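Thanks for coming. I have one structure to go through today, so please look at the screen and I will talk over it.

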Amino acid sequence: MKNDMTSGEPRKLLFWFILPLFISAVFQQLYSVFDSVIAGRAINTDALAAVGASYPITMIFIAVAIGSSMGASVVISQLFGARAYGRLKTAVSTAICTALALSAVMTVVGKLFSRQMLLLLKTPENIMKDSTVYLDIYIYGLVFLFLYNVVTGIFQALGNSKIPLFLLIASSVGNIILDILFVVGFDMGVAGVGWATFLAQGVSAVVSLSLLLAYIKKMKLEGEGQMFSWEMLGKISTIALPGICQQSFVSVGNLFVQSVINAYGSSVIAGYNVGLKISMFIITCSFAFGNGLGSFAAQNLGAGKLDRVFEGFRPCVLVCFFGAEFLVRLFLQDADTEAVSTGIAYLRILSPFYLILMMKFICDNILKASADMGAFMVTTFSDLIFRVAFAYILS
């Protein structure tokens with residue numbers, strides 16, 4: 001039942017542990033990718049632009065959710081590797097309680113300032129209404145987003161990457177079916193895209209939490225844990241805050257870049273959104289390699305087996321995926337040549353650097369697993385500063 005990665009051949013362990021994470025990353029991106037495909041082809045280019053204009057804002061919420069789950073995952077992995085099962089239970093319940101509280105705060109803040117954020121991004125008037133509708137629906141589902149991410153992180157910390165994968169596949173397929181039903185069948189427009197994601201994520205989050213509680217019970221771990229511990233929250237926050245900052249800084253950078261893009265009109269917004277979605281699909285797959293190695297490293301660091309961390313690192317520096325330009329046309333009608341050409345240009349510029357980015361993800365996750373946050377934050381600030389600066393200068 002438990003996947004102990006502190007013993008056994010590292011390469012074999014990593015392959016079978018990371019493979020479900022990689023497949024999971026593919027299906028996780030299907031949410032936003034298929035939302036954009038449906039918006040662009042079943043509705044129109046403006047609908048795709050409306051979803052795209054909201055995307056950098058939703059990425060901030062996702063960044064906070066992912067960063068929070070990173071902190072919980074590292075701490076739980078270390079406790080699992082050290083066989084401190086009583087404290088592990090405390091860490092699990094503390095992480096879940098914190099995720100629920102944080103999602104409530106983010107929901108209130110998001111609802112109060114959603115339209116103001118879109119205005120700050122210079123969202124064009126012709127897509128403002130649909131952008132606001134989509135963003136509001138997304139904000140309503142933040143509790144599911146946070147809950148699912150923290151539960152997934154806990155499963156991975158315990159060495160189980162298969163259960164979240166099966167749930168995600170079912171949820172992604174459900175999202176696609178609901179997209180088609182709401183948009184094509186019920187003609188709900190952009191709102192249908194939003195509600196399809198809301199329902200799919202909601203069911204997935206509730207089921208995943210139920211399975212996690214049953215999974216931990218079946219593990220029969222010794223020792224009693226507390227429902228909530230401020231001390232454990234502090235340990236999780238020490239790892240989570242730099243992770244949140246890293247993810248959020250990248251997302252804040254995206255906000256500045258989006259404000260530049262929005263000035264060019266809805267066709268360019270739509271094309272940029274297509275290129276960004278395809279790029280994020282490839283990047284998220286690369287991140288799966290780094291994330292899997294992070295759990296492996298944390299368990300072995302907790303067990304005091306530093307040599308195994310380096311054994312696992314070497315084979316994980318693999319060739320990354322390059323974007324296929326023809327995918328742009330899956331999102332857009334051929335008639336909108338400006339949107340198509342914008343998406344293709346975006347991918348042509350980014351694709352040569354995917355391999356380097358994947359290697360950065362791997363290194364970042366090992367630094368986080370060893371709690372070396374100083375070096376970890378250096379690249380985060382560099383990413384934010386240079387990306388925003390070059391976006392304004394080069395545009």
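Start at Asp-187, which sits just after helix 6 and has a positive phi of about 55 degrees. Keep in mind that this is a predicted model, so that angle is a computed value for Asp-187.

Now step back into helix 6 itself, residues 162-185.

Next, the neighbour, helix 5, which covers residues 142-157. Its axis and that of helix 6 come within 8 Å, crossing at roughly 145 degrees. On the helix 5 side the contact uses Tyr-148, Thr-152 and Phe-155; on the helix 6 side it uses Ile-163, Pro-164 and Leu-168. Sorted by class, that is 5 nonpolar residues, 1 polar and no charged ones.

Finally, the whole chain. The protein has 14 helices and 0 strands. Of its 395 residues, 56% count as buried. Among contacts with a separation of 6 or more, 84% join residues 24 or more positions apart. The exposed surface comes to about 16,500 Å², with carbon and sulfur atoms supplying 70% of it.

That is what I have.

Key: Residues numbered from 1 in each chain as written. Predicted model: local features only at pLDDT ≥ 70, side-chain atom pairs only at ≥ 80, totals over all residues. Heavy atoms only, no water. Helix = DSSP H or I, 4+ residues; strand = E, 2+ residues; numbered from the N terminus. Buried < 20%, exposed > 50% of the residue type's maximum accessible area, 1.4 Å probe, protein only. Contact = heavy atoms within 4.5 Å. Areas by Shrake-Rupley, 256 points an atom, 1.4 Å probe, with all protein chains shown as cover. Axes fitted to C-alpha atoms, helices over the stretch in contact; angles between N-to-C directions. Nonpolar A, V, L, I, M, F, W, Y, C, P; charged D, E, K, R; others polar.
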